[in-house]
Every structure is written in structure tokens, then in C-alpha cells.
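Trainee: Could you take me through the labels attached to this model and show me how each one is reached?

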Amino acid sequence: KRLNRARESGAARHPRVSMVQSAFWAAFLLVATLVSHDVDAFSTAVAAKKVAFSKYQGLGNDFLLVDNRDAEEPILTPDESEALCDRHFGVGADGVIFAMPGRDGCDYSMRIYNSDGSEPEMCGNGIRCMAKFLQDLDGSSGAEKQYKIWTLAGTMVPTVVASGMITVDMGEPELRGPEVPTTLKPTRDDSAVIDAPMAAPLPGGKDWKVTCVSMGNPHCITFVDDLDAVDLAAVGPQFENHPVFPARVNTEFVQVLSKSHLKMKVWERGAGPTLACGTGACALHVAAVLNNLCDRKATVTLPGGDLIIEWAEDNRLLMTGPADLVFSGEAML
């Protein structure tokens, strides 16, 4: 209104200038209107690019859990997930897990993108976190609850007990080399690769003996005398991307403390060094039993804490460990 009064006053004093002033003020008001409209449109677009998440961790292996039950595909792209996992410019996590509608008779489905945007078949620590997340969603926290969860590695069955610990039936290990997959020469008639020499180029220039196991995702296990002497950052990527592993590989370095206690470090495919790997703990336990290094039930100490692993007589692996909520929030994409 003040602008209009000033314009009218100026026009009265200088009639010949009034047309120029009128044009100026009309243009000014038009630009102001357009800018206001664009700001509103921008704000709406930004608001539409928020995602709600809950961050959980299992022995320090941390994930962003997203409620994806209303969509058949992940609501985030691999690139968006990678950005959220960035520990400097995003929320920070080892991966993003999507709780999705069930399929093939399962209660829910699980999809996961690693911190590099790649998609693994399954994640042992991640599925414990997902079980806790599902309890928070369905209001059954604090009670014993079992879920059947479809994954790219098959059906997994986590059971949350009243103490908060989660036991997961991880299924049967796959030992056949081509199914792991690896092109290393088998050491048994059934094509298993157990205590086999690593092929050239040798990671770190050293001789390694490895055992290969799939828990729905590929693992290479090697036993060492001194875990602290392993230069994980140097040799981990060399194992992961070695040509004998066509799908890349997760690598576990294991020190045997006793027949019932194993200690490990892991280099995860697509994530690098992590504080824990549930499928890796199961795979290394199988490898230790096959190499006559431990009993069929043992404690596996990971950088983030302990898991209890049992290779039952029916050939199925049971993994028991914790998972905890860290915080919930909304992230800008």
C-alpha cells in the first residue's frame, strides 16, 4: 500500500514520468510475485524429499531402518542410500534397510543397500536390527516375537526374546565352490574349498590358506596366529576384489582362542571394515568346525562385541546377539 501511495504521489507531481514509474512498479510487483511463488514451490519440493528413519546398531554395525511396508520397491535409490550413509555429509551408517511387504508366505521382506550403494543378499546383524524395528512398528516391544522375513538369500526367522536378545535361524551353509561363488580349486570331492591356498595375485604378497562359505552371501575365511598383525585396510580390498571371487567377497580374519572361542576382524563387501558381521560370524564358525578348530557351538568375538553361533546337527546355523535403537528422525535427501 505504501508503494502504491508513493507511486500515485509521484505521478501527480510529474505526469510525464508517471507512465515510466507505473511500468517500473508493475514489473517490480510481478517479479516479487514470481519470486514468492518459486520460494513456495521450492519449499514444497524440499519437504517432499524427507525420509523418516530409525537408526539401530547390532554390535556397532549400524543401519538406517526405513518403513517401506506400503511399497513393493525401496523408496530410496542406491545413490540416495549411499548419501544417507555418509558419516560426514549424511546421517552415517553401514547400510539402509527397507522393511517391505512379505512375499512367498513371509511376514515381511528385507532389502538393503550398503554404504557404497551396492545391494547384498542379506545381512545378519541387519536382520536382528530389522526384527527390533518391526517390534517397534507393531507395538510388541518387550514381548517374545518371531518373524519370517524374505531376503535375497532366502527366508530368515529371527526370534526376539523378552531379554531383548535375538536368535536368528540363518539357514544352511553352502560349501560348493561354484555356488559361493569362487573359482578356487576345490579341495574335496563335493567341490568344497577348505584350507585351500589363495591364488595369485596374493593379497599383501603373503601366502594365505582360505576356506570359502556362502551364507546366502559369499565369504572367504582365513585363520591367523595374530589378529592384531593383520593390516585390514591393505589386504581387505585385495581379497574383496580378487578375480577368484566373481561376485566379490566378504573376508574374515580369525584367531582361535579356544575350541569354544573365536576372535575375528572383517572386511565387508561394499562396506569395508565394520564392527560386526553376522553372516561372517556364521561362515567363519563353519570354517573353523570344518578345519577341526572349534566345537559346533562357540562364542565369536567381533570388534563390536560377542555373538553366540551354533551349527546344529540339522545343518542349520543359529546366531544369537543384541540389537538396539540409537535414535529416530527425518533426513533431507
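Mentor: We will go through aromatic pairs, charges over rings, and cysteines in turn.
Mentor: This is a predicted model, in which local features need pLDDT of at least 70 and side-chain atom pairs count only at pLDDT 80 or more, while totals for chains, interfaces and linings use all residues. Residues are numbered from 1 along each chain as its sequence is written, and side-chain values use heavy atoms, with hydrogens and water left out.

Trainee: Why is the pair of Trp208 and Phe253 called edge-to-face?

Mentor: Rings of Phe, Tyr and Trp (its six-membered ring) pair if their centres lie within 6.5 Å, and planes under 30 degrees apart count as stacked, over 60 as edge-to-face and the rest as tilted. The centres of Trp208 and Phe253 are 5.8 Å apart and the planes stand at 65°, so the pair is edge-to-face. Trp208 lies in the loop between strand E9 (196-197) and strand E10 (209-214), and Phe253 in strand E12 (residues 250-258), so the pair ties together parts 45 residues apart in sequence; strands here are DSSP runs (E, at least two residues) and helices are runs of H or I, at least four, both numbered from the N terminus.

Trainee: What makes Phe239 and Phe253 an aromatic pair?

Mentor: Their rings are 5.7 Å centre to centre with 80° between the planes, which is again edge-to-face. This pair joins Phe239 in helix H5 (residues 232-240) to Phe253 in strand E12, 14 residues apart, and ring pairs link Trp208, Phe239 and Phe253 into a cluster.

Trainee: How do you know whether Phe239 is buried or exposed?

Mentor: Buried means under 20% relative accessible area, exposed over 50%, and partly exposed in between (1.4 Å probe, protein chains only). Phe239 has 0% relative accessibility, so Phe239 counts as buried, and Phe253, also at 0%, is buried too.

Trainee: What places Arg103 over the face of Trp150?

Mentor: A charge sits over a ring if NZ of Lys or CZ of Arg is within 6 Å of the ring centre and within 35 degrees of the ring normal. Arg103 lies over the face of Trp150 at 4.0 Å from the ring centre, and the charged end of Arg296 sits over the ring of Trp311, 4.5 Å from its centre.

Trainee: How do you know that Cys282 is in no disulfide?

Mentor: A disulfide is a pair of cysteine sulfur atoms within 2.5 Å, and by this rule the count comes to zero disulfides. For Cys282, the nearest cysteine sulfur, that of Cys277, is 8.8 Å away. With a relative accessible area of 0%, Cys282 is buried.
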